[in-house]
Amino acid sequence: MSNLKPTLSFEQGWPILQEEAINKVILLVEEGHTSNQFTSDEYMHLYTTVYNMCDNNPAGPEAQKLYQQYKKTMEGYVSSKVVPSIQGKKDDVLLQELVKRWNNHKIITRWLFRFFHYLDRHLVPRRSLPSLQETSHLTFYELVYGEMNDGVRGAVISLINREREGEQIDQALVKNILDIYVEIGGDTMKYYEKDFEESMLKDTAVFYSKKASDWIESKSYEEYMLKAEECLKDEERRVQSYLKDRSKHKLLEVVEYELLTKHASKLEENKQINLGAA
């Protein structure tokens, strides 16, 4: 059975999928459509095209060729449409464009998955390949974050520090950006941890180290302790608002160390001075 030719060859089927599925989906999403624009007949026609290209050998060379072409198509879209739209942007504008592009990417992935679902059901498990969604998400990560993660991370950390200084920021924007790290990782924390959290914690240490050095010299013991308590509560609120729960313990540990542990002897000295003055 596996040696039988498929009903439809790759050379016959791919132009149909390219024109009627992929190009149409990308055009619709680029124009701002977010809901399904395909009739049930169109959907069945495209799904059947994929089926007929793989039917006699669901894990064979034609199916593998189709899978690789799907991957190349996603790479081409991200390289030609997504990356140029983000390049050169900074700060909030960069983050807003990234959120928009990621949301579009998810819609494209979801629509194309419906047409190429046969590959996910048959080829992917038999060949131990990443699913179509994983392939699509990793393509976005490698081509977008591979080039721009420093800028994205820096923009987010800058917003957090501005909020620490008392400025109102767009918390929903920060949350949406941090959600991307998790979604790309298939709802795991590996990219959030590696590409954001580690740097955020280091920056937090630097931020509060400077604050502690200033406050320890300019505030009384009581004022300093009130300020430290306020900072810890603010960081807890940040976790509730947009940081991930897994960051809470590590974040509070860093703040406590920089504000309290590191200056324990000086604080004790100031406390005695305070008691003496009383």
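Trainee: Why is Asp187 called exposed?

Mentor: The model is predicted, and the value is computed from it. Asp187 has a relative accessible area of 64%. Exposed means over 50%, so Asp187 counts as exposed.

Trainee: Where is Asp187 found, and what is its phi?

Mentor: Asp187 is in the loop between H6 and H7. Its phi is near 65°, a positive value in a residue other than glycine.

Trainee: What is the phi of Asp91, and where is its place?

Mentor: Asp91 is not a glycine either, and has a positive phi of about 55°. The place of Asp91 is in helix H4.

Trainee: Why is Asp91 called partly exposed?

Mentor: Its relative accessible area is 47%.

Trainee: What makes the pair Glu230 and Lys227 a salt bridge?

Mentor: The side chains come to 3.8 Å, N to O. The rule asks for a Lys or Arg side-chain nitrogen within 4 Å of a carboxyl oxygen of Asp or Glu, so the pair qualifies.

Trainee: How are Glu230 and Lys227 placed in the helix?

Mentor: They are 3 residues apart in helix H8 (residues 221–241), which means a separation of about one helical turn. Glu230 is partly exposed at 40% relative accessibility, and Lys227 is partly exposed at 25%.

Trainee: How do you know that Arg238 and Glu235 form a salt bridge?

Mentor: The N to O distance is 2.8 Å. That is within 4 Å, so the pair counts as a salt bridge. Both residues lie in helix H8, 3 residues apart, about one turn of the helix.

Trainee: Are Arg238 and Glu235 buried or exposed?

Mentor: Arg238 is buried, and so is Glu235.

Trainee: Why is Glu258 called buried, and which class does Lys262 have?

Mentor: Glu258 has a relative accessible area of 7%. Buried means under 20%, so Glu258 is buried. Lys262, at 40% relative accessibility, is partly exposed. The two form a salt bridge, with the closest N and O atoms 2.9 Å apart.

Trainee: Which residues of the largest nonpolar core touch the most other members?

Mentor: The core has 74 residues, and those with the most contacts to other members are Leu66, Phe116, Val144, Tyr145, Phe196 and Leu243. Among the elements that give two or more residues to this core are helix H1 (10–30), helix H5 (132–164) and helix H9 (248–259). H4 gives the most, with 15 residues.

Trainee: What is Phe196 in contact with, leaving aside its neighbours within four places in sequence?

Mentor: Its partners are Arg153, Val156, Ile157, Ile160, Leu178, Tyr181, Tyr191 and Leu243. There is also a second, separate core of 14 residues, which includes Phe207, Ala212, Trp215 and Leu252.

Trainee: Where does UniProt place the feature "domain: Cullin N-terminal"?

Mentor: The unreviewed UniProt entry places it at residues 20–270. In the model, the end C-alpha atoms of that span lie 74 Å apart, and the span is 82% helix and 0% strand.

How values were computed. Residues are numbered from 1 along each chain as its sequence is written. This is a predicted model: local features need pLDDT of at least 70, side-chain atom pairs count only at pLDDT 80 or more; totals for chains, interfaces and linings use all residues. Side-chain values use heavy atoms; hydrogens and water are left out. UniProt positions are given in the numbering used here, feature names are shortened, and annotations may be inferred rather than shown by experiment. Helices (H or I, at least four residues) and strands (E, at least two) are DSSP runs, numbered from the N terminus. A nonpolar core is a set of buried Ala, Val, Leu, Ile, Met, Phe, Trp, Tyr and Cys residues joined through side-chain atoms within 4.5 Å. Buried means under 20% relative accessible area, exposed over 50%, partly exposed in between (1.4 Å probe, protein chains only). Contact means heavy atoms within 4.5 Å.
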